[in-house]
Amino acid sequence: MAPGRGEVRRVRLLGAAAIPAGVLLLVLVSGARAEDPTLAQVTFASPSPSPSLIPGPPPPTPLPHPPAGGTNQCFECHRALNHRQETIATAWQESIHGTGGVTCADCHGGDPNSDRMGIAMDRTKGFIGKPSREQTVGICGSCHADAQRMRKYNLPTDQYSQYWTSVHGQRLAAVADTQVAICIDCHGSHDIKKASDPTAAVYPPNVPKLCASCHADAAKMDPYGIPTDQYEIYSKSVHGVALLENADPRAPSCASCHGSHDAKPPSATEVVEVCGKCHTATQALFMESRHAELSTAAPKCWTCHGTHDVAQPSQKLFFHEVQPDYQCITCHDLADRSLRIELDRFKAEADRRCDTCHHPDSDIYAQVEAIAGSLSGAQGTFDSAEARIHEAAGVGMIVEDADVALSEAKTNLIQSQAAVHTTKLTLISQSAAEAKTKAESAEAIARARLDESLFRRAAMVVVVALIVLIVVALVLVRRRVERRPGDDGQGPEKTGAS
Amino acid sequence: MTADAERAPAQAGAGGWFEQRTRGRALAAALLHVRIPAEARTLYFGGSALFLFGIQVATGTLLALYYKPTPAAAYDSVLYVMSDVSFGWLIRSIHHWAANLMILFVVLHLLRVFFQAAYKYPRELTWVFGIGLFGVTMVFGFTGYLLPWDQRAYWATVVGTEIAGFVPLVGDQMLVLLRGGIDVTEATLSRFFGLHVLVLPLALAVLLAVHLTLVHQLGLANPKRPDPRGREPEGRTTPFFPNYILDELIVWYILLALLVVLASLFPAGLDDKANALETPVGTKPEWYFLAVYEFLKLVPRIVGILVPIVGLGLLTVLPFLDRNPEVLVRRRKIAAGVATVVLAAAVALTARGFLP
């Protein structure tokens, strides 16, 4: 995800403040609490702390894990205790931990071999009971950061260190903000499921709703001053529709761009790489462009396509419907006339256009016009061919060969549209011209099929007319037969074989 | 037929030459010069089904000249027929529409015979062989549907054979027998093609021959009064030839015109090539199996399977179960009522199957 205006400002602010006064900041925030809104606005300002507010991951909570294969007396006693305890015990039993041999004592401490409370739940011997939110991440890390323990489950061990680089982890460690997400908020506590389990909250198609359970909650987000409409916007985007409505497992969820354990907004310089994780070919084309050469001063993916509200790209991305009000500061630093990007100008979808930066009097504007014209011509021919093929198929004609030609045209059209990321007119025009030629060929086949259909219908009329004539003749013969003496139905009083 | 009295007088020319060597005139007289009850109303359903079967034999033979019954080539061979063979589209489209109309007319014929009580004495066996023809016609449709090897054909066959797999006790064996294995593969296509062009035509021809012979021997039923036992039926009659034959011929021409119109305006389609890894949305069997398919979805599986099987069995032995000698519907209230309810349910279930 690309940062919004406020986020970028916050990055700058923090960058300016945090680097020279990092140590001081750490001291300031170390005792803070998220419940303090004033402090939240000041010290919690950055959702993406850089540099890190903590020197590194804290050590996992030391916990004496009982040896594998021992008894789990905790389960036997607690499930018989009351309904609530039975529910918890059953949830654990059915969880990935319960089936994988991870016992109660692995997280809660204590002696699972004893059925006596005084021994089993002896705090002097390591019993924790219900861990605090600060303790929980460390408890999970005591196993999940342990390569030796995780080897037999073939699980990665970097989630723990990743978490402490996330906005969630940084805030938890730096300011003891216990409102941030910790492991159990996403994975559950006793009822932990594998991420590949479709019923798990962390199963990729379920992730947007999981994130929204906090990030769409205005009360929870209020102390941090971040918007709560991302889920609503995302769910209508091309990504959201693909994942949530079409159940396309390739579509990105929140975690695809923000990370999961290391969740944070990608920085401006990271955006191309983040989008390029999926849009590999497009990224390569973009890297050939003049835009990529301009580095931070140039548009990135989100400048044209948005962030949470990514829509299907179209011709409209080239120009405003009504010429915009050009201001020098959109693209230039007034102090030295150097190129820059005024991020505010791309906040509204209607302003994510080439002519937001490129003035009608500029040479580049003329090039954009040529690119738009080239693509528009190819798209128009393609649409026309598609309509003819649809028309021919609608009258029952076999149009497979036309479909093949149209598919080839589609390939060239997509290539030409993708080539827009290079900003190179020659390359785009060449692909667009090929698309147009192939689309014309497809349309010619479809028109031939439509002509054939007309011929068939004309022939049908002739054949049916001939049949009608024959039927009329037969009806006349039939009447004549009826009038013949002896054949008027007054035959012998007998039926069956004669 | 071979008696001297029935021999035609010697004729000159080619007609006489053939007559002397075949004595066909006597045969034609025996087959055609019969009389039928003036009150008989066949509605030409049976004759129409016969005509459509003839169309199927003719067009099917032409299609078989080009068709290649392997998964690799079947689809392309059908595409070739539709795109490159002269009037191939017309032949296949008429085959497609005639198949559907044949099933429709066989069902209409069955209903006509039921409601006119034409299955009663002495035509019990005619009815039994007619039910056999109905069954063979349905299997014709089922096996033919797979042959284009497109997505619709493939997945409709998957669904259809799965229904057979639900039959208690022998379902698994039936499924393997039908498919030639666990899945619908080239083995399925081979045996469906073999059934469609060899076994079923032969079976239908034999059943049809017996059915028509019985119709000829027993004559058409009078829907107004039952046949008396032990003596010839009474009442006004009309010549089978040329009167009835001319009527039938007019209907056949109208059917031919209908086929030409349907084939020209709605040619047989072809979906994407069959892909076992891509299940299309809304896979359904053909319309004539939709009622059973929908019924299966509404009731427990065992009920959904047993009811059609038992129903077909009861239909077959109906003449032996229905001891009521009356033929008029108003005097057969129970039979007519049950049939109307079953028919309404089948129509409603089929209509439900067409809903998205």
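Visitor: What conventions apply here?

Guide: This is a predicted model, in which local features need pLDDT of at least 70 and side-chain atom pairs count only at pLDDT 80 or more, while totals for chains, interfaces and linings use all residues. Residues are numbered from 1 along each chain as its sequence is written, and chains are lettered from A and ligands numbered from 1 in the order in which they are written.

Visitor: What is the mean pLDDT of chain A, and where in chain A is confidence lowest?

Guide: pLDDT is the predictor's confidence in each residue, from 0 to 100. Chain A has a mean pLDDT of 85, with 87% of its residues at 70 or more. Helices (H or I, at least four residues) and strands (E, at least two) are DSSP runs, numbered from the N terminus. In chain A, confidence is lowest in helix α3 (residues 37-43), at a mean of 32, and highest in helix α25 (residues 425-483), at 97. The pLDDT is below 50 over residues 1-47 of chain A, and it stays under 50 over residues 488-498 of chain A. Chain B averages a pLDDT of 93, and 97% of the residues score at least 70. For the complex, the predictor gives an ipTM of 0.91 and a pTM of 0.72.

Visitor: How many helices and strands does chain A have?

Guide: Chain A has 25 helices and zero strands. Two residues are in contact if their C-beta atoms, placed from the backbone, lie within 7 Å. Among the contacts in chain A with a separation of 6 or more, 67% join residues 24 or more positions apart.

Visitor: Is Val167(A) buried or exposed?

Guide: A residue is buried if 20 or more other C-beta atoms lie within 10 Å of its own, exposed if 12 or fewer, and partly exposed in between, with C-beta atoms placed from the backbone. Val167(A) counts as buried because it has 23 C-beta neighbours inside 10 Å. Val167(A) is found in helix α12 (residues 167-175) of chain A. Its C-alpha atom is separated by 9.6 Å from that of Ser52(A), 115 residues apart along the chain. By contrast, Val317(B) is partly exposed, because 13 other C-beta atoms lie within 10 Å. Val317(B) is found in the loop between α12 (301-316) and α13 (318-321) of chain B. Of the 498 residues of chain A, 31% count as buried.

Visitor: What span should helix α5 of chain B have?

Guide: The expected span of a helix is 1.5 Å times one less than its number of residues. Helix α5 (residues 88-115) of chain B has 28 residues and should therefore span 40 Å, which agrees with the 40 Å between its end C-alpha atoms. Of these 28 residues of α5(B), 20 are buried. Ala117(B), which follows α5(B), has a positive phi, near 55°.

Visitor: Which residues touch the most other members of the largest nonpolar core?

Guide: In soluble globular proteins, nonpolar side chains tend to be buried together. A nonpolar core is a set of buried Ala, Val, Leu, Ile, Met, Phe, Trp, Tyr and Cys residues joined through C-beta atoms within 7 Å. The largest core has 130 residues, and those touching the most other members are Ala409(A), Ala442(A), Leu52(B), Ala98(B), Met102(B) and Leu259(B). α5(B) gives the most to this core, with 15 residues. Leaving aside neighbours within four places in sequence, the contacts of Ala442(A) include Ala385(A), Ile389(A) and Ala409(A). A second, separate core of six residues includes Ile163(B) and Phe289(B).

Visitor: How is chain A divided into domains?

Guide: Domain bounds come from an automatic or database domain assignment. Chain A is divided into domain 1 (73-157 + 182-258), domain 2 (271-356) and domain 3 (378-465). The C-alpha centres of domain 2 and domain 3 of chain A lie 33 Å apart. Nine residues of domain 2 of chain A are in contact with six residues of domain 3 of chain A.

Visitor: How many residues does each chain bring to the contact between them?

Guide: Chain B brings 38 residues and chain A 27 residues. On the side of chain B that touches chain A, α10(B) gives the most, with 13 residues.
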